[in-house]
Structure formats: C-alpha cells, structure tokens
Amino acid sequence: MQQPARSTADHHDVIEVRGARENNLTGVSVDIPKRRLTVFTGVSGSGKSSLVFGTIAAESRRLINETYSAFLQSFMPSLSRPDVDSLRNLTPAIVVDQERMGANSRSTVGTATDAYAMLRVVFSRLGAPYVGGAGAFSFNLAEGMCPTCEGLGRVSDLDVHAMVDVERSLNDGAILVPNFAVGSWYWQTIVGSGLFDPDLKLQDYTAQQWQDFLHKPATKIKVGSNNWTYEGLAVKVRRLYLAKDRESSQPHVRAFVDRAVTFTTCADCGGARLNAAALSSRIAGRNIAECSAMQINDLAEFVRGIADPSVAPLVGTLRETLDSLVEIGLGYLSLDRESATLSGGEAQRVKMVRHLGSSLSDVTYVFDEPTVGLHPHDIARMNDLLLRLRDKGNTVLVVEHKPETIAIADHVVDLGPGAAAAGGRVCYTGDVAGLRRSDTLTGRHLDHRVTLRDPLRRPAGWLPIRHADLHNLRDVDVDLPLGVLTVVTGVAGSGKSSLIHGSLPGRDGVVVVDQSPIRGSRRSNPATYTGLLDPIRTAFAKANGVKAALFSANSEGACPTCKGIGLVYTDLAMMAGVATVCERCEGRRYTDEVLTYTLRGKNISEVLAMSVTEARQFFPGGAARAVLDRLADVGLGYLGLGQPLTTLSGGERQRLKLAIHMAEKSSTYVLDEPTTGLHLADVDQLLALLDRLVDAGNTVIVIEHHQAVMAHADWIIDLGPGAGHDGGQVVFTGTPADLIAQGDTLTARHLRGYVAR
C-alpha cells in the first residue's frame, strides 16, 4: 500500500538542497523527503540528472571517499565538490544506472546477483558424489574450472582465410593482417627467414612449410650477420593482437580481430565451464551447470524442491533472489548468461535485485529510468520493487518519464520548463495529484493519449522473414510491410530483438539505428561524431588566417596535459575510476594560443560549449547548419556540441546515429526503443519525425513498448505470449485497431486500456 508523503516539518527528514548550479541548474533549492519515493521529471536536458546524479549522488560519493584512510587517499584523486551552496542530511547514495556490466566474460547473471555463489554452497553440501567445498564449483577458481578453456566455456581459434589469401605469394601481399604489408618489418622477418620462396603461392606450400609459416614457435634464425627471431604468423598474431584488450586496440586492428577470431564451444566441458569432478556432482539428477543454464523461473521451481533442513536458510535466500528476478521480468534469463550481453535496462534490473537482498537500510538509491526496455505489463512489477526498497527504510530517487511510475511517487520534483538554458529550474514540487493540476508541461501531458491513426498508410510491398530461430524464436515466418510505420512489440524477452536484429541487418537498404555504445574514445563528442567539427574548424581557420588543424582537440591545438580531453582520468583498481578537470586548461581542452583566435567573438572552446539550439543561431547557414538542423529534428537540441559521447544515454546515442543516417539515402530504418529518455511531450516530436521519414518514401520498423508509438503505428507485430521459452512466437500481426478489437495478448489488453482512457 502506498504511504502518504511525510510532513517535511522536521528538517532532518528531508535532504536539503540549496543553490544547486551544476550544468544548467539555476541555483535550485528544494527539499526531498527521506525514506520516500521521489520521482524527478522534465524534458530531456531540463536538469534532472544534474540535480540527482551530478549534485546529490556526487556529493554523497565525495563525502564517502573523504572518509577513507590517508593511505587510500594517496591513491585517489580528490573529487571536486558539486557547484551547490549547501547539501544537508545526505545518506550514502547507491547509483543503479543503465551502464552495461562490463565486458568481463567471467561475469554472469549468477555471479552478479550472488545467486551462483549460493548455488555453489548448496551443491557443496548436498551434491552427490561430494567433490569438495564451494570453490570446487567455481569456474573462476583453478579447483573448479575446466582446465582446457580455463572456465570460459569456449576456446578461440583463428580463421586462416581472414589472415591470408592462399592464392597469392608473400611478394604479392598474401598476408592480410594489419601491419604485415609487403615491405613492413614483420613481413621482412618472414621473407628474410629463408624458410619460404616469396614468389610461391601459399596454396603450393608443402605441409612442413605451411606448419612453419603458421605455427612455428619463436626460434632464433641467423640472417646474414644478424640474429632474428622468427615465429609463425598465427603465433605472432595471438601474441600481438589476441593477448591484448580488444577495446584498447586501434580501430583497424579491432576490425581484423572481429573478422579473424572465431569462438567455439569447449569440447572438454561442452561449454559448462567446469571440470569433470564438478559436473559429476548432482542434486535431484541435475548438475550445477544444468541448473545455471535453466531459465530462472524454472530454476526457482527446482530450488523450491530442495527441502534439506541443513541448507534451509541459504535456500530461502536463494529462492528470494530468484523470485525477485522473476518478479522484475527477468525470469527468461539464466544464471549462466554473460553480464556483458545484457541490455542497459536488463543490467539495471539485475543490479536492482542485488540491492533488494541487501541488509543495508536508510540508504539513498538513485535510479535512471528503471522502466527502460519494459513492456507496460512489466512496469507494474518494477514499481512494486521500487516501493519495496522504500519500505525497507530507504530514500528512493528515480529519474523517469513513464506516467505509470510517476503515478506511484510519494513526491515529485518537476524541472524545466525547457532544456539546456531554457531549463534548470524547479517548475513543481509536491504530490502527483498536485502535478496533475499544475500547468507544467509534465502535468499537462500526464494523461495525454495518442489516438489511433486514421487513415492508415497502405503497404507498398512486403519484406519477408522466414524460419527465424535465433535464441527463443520458434521457426518464425512473418512479413513486414514496406512504406509504413511498423511497431514490433511484446514483453521483455519475448524475442523482438532476436527477430529483427537477427533477420534484417545486412539486407540491401536496411539501416539499423540502435542504442549500443558508439565506437570511439572519451575524446569523441557530437561535433566530431557527426562531422560538424569540420566546417567549424574551417570557419575558424578562414577567419583567423591559420591552419584548421589548430582547432582540433585531437591535433596540434590540444592542451598537452589532458591531450585535448579537458579532463584527467584516474583509473582505480579497487573501485570506479574518476575524472577531474584538467588544471592546466581548466577544461577548455585547447592551448592558450588557440583560445586567442575567435569567430564572431567566440573562441573554439566557447563554441563547443554551446548546445545544438544555441549553435543553430550562431551558424545561420552552410554545412554546419545542415548538421545542426538534423540534430534538432531528432530531439537533441539541448545536447552540448563538445559533450563526451561517454556521457550520453542509450536513447541519446540512438538519436545521434539517426541524425547521421538521415543525411543518407535509405529505404528501411530499424529503430530500437527510440522513446528511451524522452519526456511525454517529446514523444509527439519523435512521432512527427517518424512520419516524415515514412512520408519521404522510407520504411520505418520500431521495436518499442511505448503505447503512444503503438497507437500511432500503421501495423503492429506482437511477440509472446510470454518471455524466454514461453515466448518466441508471433501472437498478432495487423493494425492497432484490429489488435484492440480482437486481440487477447498482454499488449492488446494494455493498449485497449490506454486508448480507452
């Protein structure tokens, strides 16, 4: 039962924020009730994240860091205090965000939630035959891991045909590996070894020559008066490229590794990651790897059948963790699912379950759009978990746009009224009923409903998908209409992404625009990514009679201390790394000389500090204005030109990619939850953009849960009926009106209620 908001008469019962000025905040002062659920609303760029993450959570983290011993502090840079006059009555803040859970293949849903650790203890106590303690069932410890794959469940191999062209000789450039071109040092060590005829095609090598060419271990060879070390091509590639972190490699090397390395299931453990002893121990006929591979909702049933009193408390805790994963809509996952393969929304929900089982109370939990990726059916379950966290005595702060979650808030803080310079102010603070009565943008849109499209656009043809069977799909056949707006929907885990991303990429004229991280480093920003920086640099160079390269933060004009990033990053082994503003350039990224050159009174750093909206006024025409217009069209007017891409949300990344692709001639756009991060008012702008794409002759296919987008579609494909092995089927295909009139799916029921209200 939702509790009424507590009186804020006692100032110790509120977090007091006074004079917050981070980013676009205009001296915001607000009281946030403790041990209550507060939802922060407002358009994208209104200042929600600056207040919640950049001020409240950041100051809590800074104060906690200051409590570490002097020894630890010597390794940790001091965090700068947020730009705020005062913050009182803070409690320790835990941020539960949508960041992916890292690329460590040893991290799984089971290890991330501690469910696998508990399962290991249960097997060490009850498994027969007995094979040892909990460590004997760990694929991350030598005593439990498969010795062949070292607990990874797969082994890597090199595709020879991606490394060499056997129809060519060494002199003709047979080696396709980066940095092995004809004449390079690596090429010379192979040719100079004397083991091969450089004019002989590789396909004509003897078996021994082929073995030496690819697999000969490092061997000292005398070449003239010099001693060289020769090693086979495959040996050298493994040492040079595979032993290093892929993400730290240069782009062309990364592309080669992606092309050349193939992963196969480990033959010795069958992908189970564990050694034979661990796999021999069973409970009720199942070993621990089989339990980890089960869908979590099935595993929860299996665990309920373990009744041995010696493990009763542990099994009870394990059952609660598994049940929470099911409740939150993740019952279709398995404990052996690698954390790196989870979507941002799935990762956030897994982290949430971890905190639900925590013994901590009176903590401030901070969530970033926890409903992302959730069907309306699943949002009710997410809301229940937020309320449970609150009822444990915690303060829960949620940045959110969905009206279903705003509705359960004890307290609402609405920021705006607009974005960037037009935002940063508190427009409303109080309960939900008051928000509904207020004349704020959020209040006006809380009960806003999109009506069904009339008349519908007619398909110009059909795009067939046949026998789709990726992941949980069950030999699916479906036809996607061309020339219209199609929404593919269904509960989380029903198979939407598997159907679309597994079938459409690579087809002629298909452009996939998703929320995946943008390839690029910390120095990439919207100006560099979209090509906008090129006309800006040219304009500065022309106005000042100097080289354009001076105005690139990646080139000679960059501050030498921070290398043009504006921040100095310190990676900490024991916790998340931190970024501090470069003291030399004070975050401006360029040398003092470069900053003396101006364009219409602004230097390059000041221009990159502009939002897209401000820059559109500064650049009234030309190539720069064309790029800026597209960014504004996709709802990114508030974005800073020089804002690091690493700070963008998944939804912002997708809209940035869409802005680039809009300059191309395409025929079919595939979008993945484009409403992520959008305020209710901004969804209307997105729908208008999708309509413009379709009316220009394109096909738009959207994977989406937002009911406003479903109602606006020409065609709906609904997958289900459930998630995981309960899904994977097309349960409806047709118009939204037909779905409402005749459908009996979860989507049909929710859309019927949405349109009827």
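User: Which residue does Val-39 stand opposite in strand 11?

Analyst: Val-39 stands opposite Val-398. This is a predicted model, where local features need pLDDT of at least 70, side-chain atom pairs count only at pLDDT 80 or more, and totals for chains, interfaces and linings use all residues. Residues are numbered from 1 along each chain as its sequence is written, and side-chain values use heavy atoms, with hydrogens and water left out.

User: In what sense do strand 3 and strand 11 pair?

Analyst: Start with the terms. Strands (E, at least two residues) and helices (H or I, at least four) are DSSP runs, numbered from the N terminus. Two strands pair if DSSP finds at least two bridges between them. Here strand 3 (residues 37–41) and strand 11 (residues 395–399) pair in the parallel sense, over 4 bridges.

User: What is the strand order of the open sheet?

Analyst: The order of its 6 strands is 5-10-11-3-12-13, with mixed pairing. Strand 5 (93–96) and strand 13 (425–430) are the edge strands, each pairing on one side only. Neighbouring strands are turned by 20° against each other on average, direction ignored. Angles run from 0 to 180 degrees between N-to-C directions, and axes are lines fitted to C-alpha atoms, for helices over the stretch in contact.

User: How are two packed helices described?

Analyst: Use the angle between their axes and the distance between the axes. Take helix 14 (residues 344–356) and helix 15 (residues 376–391): their axes come within 11 Å and cross at roughly 35°. The crossing is left-handed, a term for a near helix turned anticlockwise from the far one by less than a right angle; clockwise is right-handed. Helix 14 brings Arg-349, Met-352, His-355 and Leu-356 to the contact, while helix 15 brings Met-382, Leu-385, Leu-386, Arg-388 and Leu-389.

User: On its crossing with helix 13, is helix 14 passed in a left-handed or right-handed way?

Analyst: That crossing is right-handed. The axes of helix 13 (residues 312–330) and helix 14 come within 10 Å and cross at roughly 145°. Among the contact residues are Leu-325 and Ile-328 of helix 13, and Val-350 and Val-353 of helix 14.

User: How is empty space found?

Analyst: A probe the size of a water molecule is rolled over the atoms, which shows where empty space is left. On a 1 Å grid over the protein atoms alone, a cavity is a set of points where a 1.4 Å probe fits but cannot get out; a pocket is an open set with protein on both sides within 12 Å along at least five of seven lines; lining residues have an atom within 4 Å of a point. Grid points are joined across faces, edges and corners, and a volume is the space filled by probe spheres set on the points. There are 3 cavities of 30 Å³ or more.

User: Which helix gives the most to the lining of the second largest pocket?

Analyst: Helix 26 does, with 3 residues. The pocket contains about 350 Å³ of space. Of its 24 lining residues, Pro-403, Glu-404, Arg-449, Gln-707 and Tyr-754 lie nearest the centre.

Methods:
Contact means heavy atoms within 4.5 Å.
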